[in-house]
Amino acid sequence: MRYPDPSPGDLPQHAAALLESLRARAPRVHCLTNAVAQNFTANVLLAAGCVPSMTISREEIAQFVAGADALLVNLGTFDRERREATEIAVENATRDKVPWVLDPVLIDRTAPRAAFARSLVGRAPKVVRLNHAEFTTLAGCKASRDTVVDFALGHDLVVALSGATDIVSDGKRTATITNGHPLMAKVTAVGCAGSALIAACLAIEIDALRAAAAALLLLDVAGECAAQGAKGPASFAVAIIDALYALDGATVVQRARVS
Amino acid sequence: MRYPDPSPGDLPQHAAALLESLRARAPRVHCLTNAVAQNFTANVLLAAGCVPSMTISREEIAQFVAGADALLVNLGTFDRERREATEIAVENATRDKVPWVLDPVLIDRTAPRAAFARSLVGRAPKVVRLNHAEFTTLAGCKASRDTVVDFALGHDLVVALSGATDIVSDGKRTATITNGHPLMAKVTAVGCAGSALIAACLAIEIDALRAAAAALLLLDVAGECAAQGAKGPASFAVAIIDALYALDGATVVQRARVS
Amino acid sequence: MRYPDPSPGDLPQHAAALLESLRARAPRVHCLTNAVAQNFTANVLLAAGCVPSMTISREEIAQFVAGADALLVNLGTFDRERREATEIAVENATRDKVPWVLDPVLIDRTAPRAAFARSLVGRAPKVVRLNHAEFTTLAGCKASRDTVVDFALGHDLVVALSGATDIVSDGKRTATITNGHPLMAKVTAVGCAGSALIAACLAIEIDALRAAAAALLLLDVAGECAAQGAKGPASFAVAIIDALYALDGATVVQRARVS
């Protein structure tokens with residue numbers, strides 16, 4: 001195995017270190033994401049020290065991907081230009097060895113979207129981040145630790161399953177994270193922003209399991225901090241970005257519930 | 001007449017009950033809405049307990065409508081793909097008996113938009129929500145209680161006219177609501193979100209007059225609560241979502257100014 | 001020279017007066033801007049008393065421009081329909097004498113975007129607002145007071161260069177502004193909103209140098225006020241809109257650092 005098996009106690013320290021690296025290195029993350037999530041995602045990436053870009057133009061996407069350190073492909077609004085741009089972006093990411101993350105939003109709702117997601121899984125994303133309903137559609141079976149491990153192994157990628165407990169696996173190593181807050185599910189695009197943060201971590205961490213687990217842990221801990229003063233989902237949405245911006249490594253390590 | 005005439009004192013109680021139903025039943029609301037309003041609208045729907053979706057893709061829209069409990073058609077950004085998706089969405093909503101709301105944003109500004117809105121009025125939306133300038137364009141006369149009643153009766157739909165006083169009429173029954181706050185007009189997409197909330201209420205309330213009046217009342221009361229601590233339009237925009245999320249029926253009934 | 005040379009002490013007073021005029025006259029500002037920036041930009045314009053519109057539809061753009069008092073062209077998401085709408089919008093703005101602002105976002109990242117921006121510079125925008133990297137791409141040399149002056153003179157327009165120090169020049173007169181706050185660079189679309197505010201000022205002030213300097217000064221001072229209570233970039237983004245809404249002329253004059 002290429003990477004040493006992280007111990008549960010190791011991942012939080014690593015996430016804290018990755019956060020510092022994001023701030024120091026300011027990776028460029030190109031996001032092909034849905035219109036609902038674009039603004040929030042850009043602000044989450046900026047708060048973590050990254051440089052987001054968001055164009056969906058066919059004519060430009062190849063150059064943006066070539067200049068990016070990581071790519072997010074999110075299927076949330078599956079309009080024509082985004083779909084065409086996705087094809088070009090993935091082709092260029094593969095050629096230029098830009099790591100990319102797939103977020104197959106709402107593939108449980110329509111067949112063409114699910115089919116497109118399946119074809120993208122075959123084109124070597126480093127990480128697929130999704131929720132339970134999306135996993136069921138993609139994998140053809142209910143999500144559990146075992147099915148997540150199997151899917152990751154079978155497709156040679158990292159699965160990052162979001163939920164009350166996050167499960168992150170590359171098929172050989174598996175981490176579970178029980179941080180986070182219920183308000184994260186009451187704000188649109190929090191999951192999408194989590195996928196963008198995974199892309200950001202992939203830009204500076206070649207071990208996709210560690211990158212994905214770190215990104216989810218950082219956002220989950222920011223969510224816990226944000227919930228302390230929030231009066232509802234909208235003040236929470238503001239506070240989670242502020243919290244991510246202010247997050248320090250000691251808080252990450254102290255709050256982490258990783259196994 | 002199919003539904004009993006609501007007394008003014010009845011509508012607030014009913015709105016309070018509908019709010020509880022939204023939270024309990026979590027209806028799916030598909031929004032074909034403008035790019036400016038998508039994020040805010042999604043967060044308003046989530047705050048009210050609903051499940052929003054926002055795709056504008058031609059290939060997917062039929063399936064999303066089929067899986068939705070209500071549909072919003074908002075003309076705020078009238079680009080090609082949205083227009084094509086609207087045609088398909090309305091056709092499917094009619095066939096699948098998914099109730100839908102028309103929000104003819106800014107039809108007073110261009111002729112093609114007004115023409116498109118007129119054609120949509122002929123395709124049986126349950127509710128048309130609009131402001132005074134939009135009503136004038138659509139109806140060919142200034143908005144007043146009488147012209148609103150006439151338009152509703154003539155087109156067999158509910159008109160929900162927004163303003164300092166909201167007028168909601170199905171042509172036979174008419175309610176006026178004087179709740180709300182001036183800051184609601186200083187935040188983009190508050191009106192659009194109100195239309196989305198009407199769609200949400202239509203998902204669980206077959207009486208379109210009651211659904212529309214309840215939705216506007218709920219948002220107006222949330223606006224009043226939000227204004228108490230707001231320092232300006234942006235903190236108000238945050239607070240109105242928080243207030244809607246926290247709103248209880250007693251507050252709705254107590255604050256309601258409905259006649 | 002057509003306009004008297006403003007003294008440094010004159011510009012803040014003028015900015016304060018322009019702010020009052022915006023609120024009194026509520027100019028219509030049409031924004032062809034990127035999807036990431038649309039919501040924030042609309043709310044900034046509303047907070048300043050303006051009436052924003054945002055459609056990117058080819059079929060409608062001519063009528064929206066004809067009915068607008070100023071136009072913003074922002075290249076942030078350079079998709080097909082926006083590009084086509086831009087061609088039509090600029091043609092109509094020129095014919096109808098609607099002043100327009102070019103914001104050549106991220107032209108340092110792709111050649112087609114830079115080429116498009118160059119062609120637009122030749123079509124008589126009143127103001128080009130950009131950052132250092134974008135200026136370098138557009139002008140073919142590093143940004144400095146001298147190169148900004150030369151570019152403005154050579155192209156008969158106002159350059160508004162954003163940075164820790166803003167430089168605004170029409171080639172004959174040059175103002176520098178050192179107001180603002182570092183958090184303005186940690187929120188997506190603040191620069192884009194600044195360009196929209198320049199368009200708003202152009203709607204009521206024929207002297208483009210004064211309009212551009214006033215708009216940047218107003219946003220910078222609002223940013224300073226916002227930073228006082230902000231806990232991070234997201235609460236800052238809320239506070240800058242609230243601050244602009246509440247801004248009074250005395251604060252502008254008192255805080256201005258213009259030379």
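The legends below describe several close-up views of a predicted model.

**View 1. Chains A, B and C are related by turns about an axis.** Chain B can be laid on chain A by a turn of 120° with a shift of 0.0 Å along the axis, and the RMSD of that superposition is 0.0 Å. In chain B the C-alpha nearest the axis belongs to Ala35(B), which stands 3.9 Å from it. Within chain C, Ala35(C) is the residue that comes closest to the rotation axis, with its C-alpha at 3.9 Å.

View 2. The contact takes 23 residues from chain B and 23 residues from chain A. The copies use different surfaces, for 13% of the contact residues of chain B recur in chain A.

**View 3. Chain C touches chain B, with H2(C) giving the most residues to its side of the contact.** Here 23 residues of chain C face 23 residues of chain B in the contact. The elements of chain C that give two or more residues to this side are helix H2 (38-47), helix H3 (58-66) and helix H10 (233-246), and H2(C) contributes six residues. The side of chain C that touches chain B divides into 11 nonpolar, eight polar and four charged residues. Only 13% of the interface residues of chain C are also interface residues in chain B, so the copies meet through different surfaces.

**View 4. Helices H2 and H10 of chain A pack against one another.** The axes of helix H2 (residues 38-47) and helix H10 (residues 233-246) of chain A come within 8 Å and cross at roughly 20°, which makes H2(A) roughly parallel to H10(A). From H2(A) the contact draws on Asn43(A), Val44(A) and Ala47(A), while from H10(A) it draws on Ile241(A), Leu244(A) and Tyr245(A). Of the residues in this contact between H2(A) and H10(A), five are nonpolar, one is polar and none is charged.

**View 5. Strand S3 of chain B is paired with S1(B) and with S4(B).** Strand S1 (residues 28-32) of chain B pairs with S3(B) in the parallel sense over four bridges, and Val29(B) stands opposite Ala70(B) in S3(B). S3(B) also pairs with strand S4 (residues 100-103) of chain B, in the parallel sense and over four bridges, where the bridge partner of Leu71(B) in S4(B) is Trp100(B). Ala70(B), Leu72(B) and Asn74(B) point one way from S3(B), whereas Leu71(B) and Val73(B) point the other way, and all are buried. Five of the five residues of strand S3 (residues 70-74) of chain B are buried, so this strand is largely enclosed by the rest of the structure.

**View 6. Eight strands of chain C form an open sheet with mixed pairing.** The strands follow the order S2-S1-S3-S4-S5-S6-S7-S8 in chain C. Strand S2 (51-53) and strand S8 (174-177) of chain C stand at the edges, each with a single partner strand, so one side of each is left without a neighbour in the sheet. From one strand to the next the twist averages 15°. Strand S4 (residues 100-103) and strand S5 (residues 127-130) of chain C run parallel and are joined by two bridges, with Val127(C) in S5(C) as the bridge partner of Val101(C). H2(C) lies across strand S1 (28-32) and S2 of chain C, and runs at about 160° to S2(C).

**View 7. Gly171(A) lies in a loop between two strands of chain A.** The loop that holds Gly171(A) is the one between strand S7 (166-169) and strand S8 (174-177) of chain A. Gly171(A) counts as partly exposed, with 18 C-beta neighbours inside 10 Å. Leaving aside its neighbours within four places in sequence, Gly171(A) is in contact with Val149(A), Ala152(A) and Leu153(A). Gly229(A) and Gly171(A) are 58 residues apart in sequence, and their C-alpha atoms are 38 Å apart in space.

Conventions:
Residues numbered from 1 in each chain as written. Chains lettered and ligands numbered in written order. Predicted model: local features only at pLDDT ≥ 70, side-chain atom pairs only at ≥ 80, totals over all residues. Least-squares fit on C-alpha atoms with pLDDT ≥ 70 in both. Contact = placed C-beta atoms within 7 Å. Axes fitted to C-alpha atoms, helices over the stretch in contact; angles between N-to-C directions. Parallel < 35°, antiparallel > 145°, perpendicular 65-115°, else oblique. Nonpolar A, V, L, I, M, F, W, Y, C, P; charged D, E, K, R; others polar. Buried ≥ 20, exposed ≤ 12 C-beta atoms within 10 Å, placed from the backbone. Pairing = 2+ DSSP bridges.
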